[in-house]
Amino acid sequence: TGRAACADAYREFAHNQAILKYTESNHELHSWPDSAVYTFSWEILFQLGHGPQRESGTDQLVLSRFEDSWKVVFRYIYFAPSART
């Protein structure tokens, strides 16, 4: 919880050696005078335990304008159900 924890999560993700591939798509921004919603789809392939694993989902960020700057006030990550064979 909080700004530092959110920034640390992004920093840890960016430096994680187990990530084999990461892609983003479907970037969308909807904005109003003092608020905005930014969404995108993502897919990741990473090494964990017994072999590579793949996940996908969406990321949604809600931003608010505070004076002359924008700040993220809410983040929601959706993980799509894994495909089972």
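I take a pocket as an open set of points on a 1 Å grid over the protein atoms alone, where a 1.4 Å probe fits, with protein on both sides within 12 Å along at least five of seven lines; lining residues have an atom within 4 Å of a point.

**Ground rules.** I am working on a predicted model, where local features need pLDDT of at least 70, side-chain atom pairs count only at pLDDT 80 or more, and totals for chains, interfaces and linings use all residues. I number residues from 1 along each chain as its sequence is written, and side-chain values use heavy atoms, with hydrogens and water left out.

**Entry 1: largest pocket.** I looked up the lining and found 17 residues. Ala9, Phe13, Ile44, Arg75 and Ile77 lie nearest the centre. The volume is about 460 Å³ (the space filled by probe spheres set on the points, with grid points joined across faces, edges and corners). Next I asked which elements supply the lining. At least two residues each come from α1 (3-14), β1 (19-31), β2 (35-48), β3 (51-66) and β4 (69-79). Helices (H or I, at least four residues) and strands (E, at least two) are DSSP runs, numbered from the N terminus. By class I get eleven nonpolar, one polar and five charged residues. Here Ala, Val, Leu, Ile, Met, Phe, Trp, Tyr, Cys and Pro count as nonpolar, Asp, Glu, Lys and Arg as charged, and the others, Gly among them, as polar.

**Entry 2: second largest pocket.** I read a volume of about 230 Å³. Its lining includes Gly2, Cys6, Tyr10, Leu61 and Phe74. Two or more lining residues come from each of α1 and β4. β4 gives the largest share, five residues. I list seven nonpolar, one polar and three charged residues in this lining.

**Entry 3: His27.** I found His27 in strand β1. Beyond four places in sequence, His27 is in contact (heavy atoms within 4.5 Å) with Tyr38, Thr39 and Phe40. The His27 and Thr39 C-alpha atoms are 5.8 Å apart, though twelve residues separate them along the chain. I also note a side-chain polar contact between His27 and Tyr38, at 2.4 Å. Polar contact means a pair of N or O atoms within 3.5 Å; within protein, one must be able to donate a hydrogen and the other to accept it, and residues adjacent in sequence count only if both atoms are side-chain atoms.

**Entry 4: Ser41.** I placed Ser41 in strand β2. Ser41 is buried, at 19% relative accessible area. Its side chain makes a polar contact of 3.2 Å with that of Asn26.

Methods. Buried means under 20% relative accessible area, exposed over 50%, partly exposed in between (1.4 Å probe, protein chains only).
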